[in-house]
Every structure is written in structure tokens, then in C-alpha cells.
Amino acid sequence: MSGVGKTVCVTGASGFVASNLVKLLLQRGYSVKASVRSPNNTAKTEHLLKLEGAKERLHLFKADILDDGSFDSAVDGCDGVFHTASPFFTSVTDPQTELIEPALKGTLNVLSSCSKASSVKRVVVTSSLASVAYNARPKTPEVVIDETWFSDPNYCKEMKLWYALSKTLAEEAAWKFAEEKGMDLVTINPAMVNGPLLQPTLNTSAELISQLLNGSETYPNSSLPWVNVKDVANAHIQAFEIPSANGRYCLVESVVHYSEMVEILRKLYPTRQLPQKCADDKPLAPVFQVSKEKTKSLGIDYVPLEQSIKETVESLMEKNLLNV
């Protein structure tokens, strides 16, 4: 119960990662000021209000990441702030409006509110491996990506990697702002996140797994890094609580090709109809490595991928988000 007597703010609290973070914070005794766009929309907030400790120590705040100053009251009096609010989806028609502006302006809005609150000791921003790994450097089995890597905005634009661009620009802006204001900032850079869903709706990373189970005939020819949402939530709190925590932390349990994901699903659910072949005849996209060296200092003991996939699927079944 390390958080007893402390108050923290979590932005975008109804989302996949944020909901799990709120759950863990409450379990550890923190009081949580959680920002959501519509506190009265029970479909979006009910899962938070049901959490253990929510009745006593969870306070919902209305705030929009695009509205200047809308986080002032949410962060006022907080010991720490976790900024997780940022849209994540793969299909976009207007990248600037749908992804880039909310990520970039939202981050600066929240940090601006934090800079006005003298109580805030440290800010932990949920960035992404998307702001680390996307550049012209090759990614092959012997390559090890670590926290010194940065995604290249020009490369992201060229490849139309709009989500990666949004997270890269937002993280760059966050570090610049923190340096100018002398703010204690840490970023958590998770891979694709799986594990149990608390929110009632399908999030982007869980959707990738659900597509494999929902009658898709092929699987994509790509390799993805994965990490369990419980490890991501834990890393955020450790990054806030450990005084020596600093800089960026890449969170990846393993990097696998989609073909390996399908094999794990086949082993776990032998009666499900799963894709039999790759979407193209090209050589399989190579896997790569992501260093776990720095995250050791946060004491993260990663949930193995197979267990994470099982937790994701069971959660999808429980919430009726899979075709029967």
C-alpha cells in the first residue's frame, strides 16, 4: 500500500492502459483524480466506478485534451500525474485531426497544467515504442532496439505511419517542455499491449488478436513486439515511486511474427478456426530484439506472451467481443 495518503491524476482514465493503471493505483492505496471526457456517460465510466477502492478514493473529472487549461483542476493538489490520454487506431482519414493534434496538443496541455501545480513532484507520460523504433535503421534478428533509439518523423510521414508520427512528435515536445520548465518527467514506451480488458469496448491491440479468431483466412506478414497491460501499469507506478527513475523505458516482453501468434492461439484454442496462411508470399518479416536492461531497474517481471494472449482472449470472450 505504497500510495496511502498520496493523490495522483490519470488522464484518459477510461482507456485500456489507463483503466488498468487506475485499478493498480487504487489497490496500492492512492487517491486518484481520473480525467474523462464525459463523466456522466456510464457506458464509459462504469468499469472504473466498480473498481475496488473507487467509492472512497476515485474522483472523476471532466477534461478534454484539446481544451487549454481543462486539466488545471484535475492536477491541482496531486503528487504525481500519469498522462495516458492519446488516441490509438490504425485506420485514419485525417491524421492531423484524428491523431497528431490530440497527441501533441494534449500532451502540452497536460504538462502546462502540471507546471502550474507546485504539488506535482513527477509526471509520467505514456509514450510508445512507436516513438522509438520507426526509422531507416534495419530491424533484423540481431538488432537490439533500446532507449537511445528515436523514430524519425520524416520516415514516419514517408511511410504513412501516422500513429508513430503522433507519438514521436508528442514525446519530443514533452521532453522539450520538461527541459524548459525544469520538470521531472519520465516516459513509458510500451509495445503493443495485450492482457485483460477492463473497459467494455474493443481496443486496437486486442482487436488484432480478435481478428485472428474471428474467421480471418490469412494473417499479416509482420512482426510485432508485445507486453502485458499489467506490466505496463506496474511500470508507470514504479517510474513514479522510484526516485532514481529517469528518461525513457521501453517495455517489451517479446517480439513475434504473426505466424507465431497464430500457433500460440492454435495451441490454446484447438477448436477455433484460425488463419492457415500468410497474407502474401514474400519472405516472413524478420523479428528484432528490444533491450530489457533498463526496465530491470523498475523491477518488472514480465508476464509471458502465451499467458498474455490467454488473458486477452478470455477477456474478449467474457465481454462478448468475439464471434462465437
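**Note on the predicted model: fold, burial and selected residues**

1. Cysteine 78 is buried, with a relative accessible area of 0%; here buried means under 20% relative accessible area, exposed over 50%, and partly exposed in between, with a 1.4 Å probe and protein chains only. The sulfur of cysteine 78 lies 5.2 Å from the closest cysteine sulfur, that of cysteine 9, which is too far for a bond. The structure holds 0 disulfides, a disulfide being a pair of cysteine sulfur atoms within 2.5 Å. Cysteine 278 also counts as buried, at 14% relative accessibility.

2. Basis of the note. This is a predicted model, in which local features need pLDDT of at least 70 and side-chain atom pairs count only at pLDDT 80 or more, while totals for chains, interfaces and linings use all residues. Residues are numbered from 1 along each chain as its sequence is written, and side-chain values use heavy atoms, with hydrogens and water left out.

3. Overall fold. The protein has 11 helices and 14 strands; helices (H or I, at least four residues) and strands (E, at least two) are DSSP runs, numbered from the N terminus. The radius of gyration is 19 Å, close to the 20 Å that the globule rule gives for 324 residues, so the protein is as compact as a globular protein of that length. That radius is taken over C-alpha atoms, and the globule rule is 2.2 Å times the number of residues to the power 0.38. Along the principal axes, the C-alpha atoms fill a box of roughly 55 × 40 × 40 Å.

4. Burial, contacts and surface. Of the 324 residues, 54% count as buried. Among contacts between residues at least 6 apart in sequence, 80% join residues at least 24 apart, where contact means heavy atoms within 4.5 Å. The accessible surface comes to about 14,600 Å², of which 51% belongs to carbon and sulfur atoms. These areas come from the Shrake-Rupley method with a 1.4 Å probe; for residues, only the protein chains shown count as cover.

5. Charges. The mean positions of the 33 positive and 37 negative charges are 3 Å apart. Lys and Arg count as positive and Asp and Glu as negative, whereas His and the chain ends are not counted. Each charge is placed at NZ of Lys, CZ of Arg, CG of Asp or CD of Glu.

6. Helix α8. This helix spans residues 204–213 and is mostly covered, with 8 of its 10 residues buried. The buried residues are Thr204, Ser205, Ala206, Leu208, Ile209, Ser210, Leu212 and Leu213. They pack against α1 (16–27), β8, β9 (218–219), β10 (223–228), α10 (258–268) and α11. Just after α8, glycine 215 takes a positive phi of about 90 degrees.

7. Asparagine 194. This residue is found in strand β8, residues 192–194, and is buried at a relative accessible area of 1%. Leaving aside residues up to four places away in sequence, asparagine 194 touches several others, including Phe16, Trp226, Leu305 and Ile309. Ile209 is also among the residues that asparagine 194 touches, and Ile209 is one of the buried residues of α8.

8. Positive phi outside glycine. Lysine 160 is not a glycine, yet has a positive phi of about 55 degrees. Lysine 160 is in the loop between α6 (153–158) and α7 (162–181) and counts as exposed at 58% relative accessibility. Asparagine 320, likewise not a glycine, has a positive phi of about 55 degrees. Asparagine 320 is in the segment after α11 (305–318) and is exposed, with a relative accessible area of 67%.

9. Two exposed loop residues. Serine 118, in the loop between α5 (95–116) and β5 (122–126), is exposed with a relative accessible area of 78%. Its C-alpha atom is 8.2 Å from that of aspartate 76, although the two are 42 residues apart along the chain. Lysine 296, in the loop between β14 (289–290) and α11, is exposed at 55%.

10. Valine 143. This residue belongs to the loop between β5 and β6 (144–145), and it counts as buried at 15% relative accessibility. Not counting residues up to four places away in sequence, valine 143 touches Pro138, Trp149, Phe288 and Gln289. Valine 143 and threonine 271 are 128 residues apart in sequence and 37 Å apart in space, C-alpha to C-alpha.
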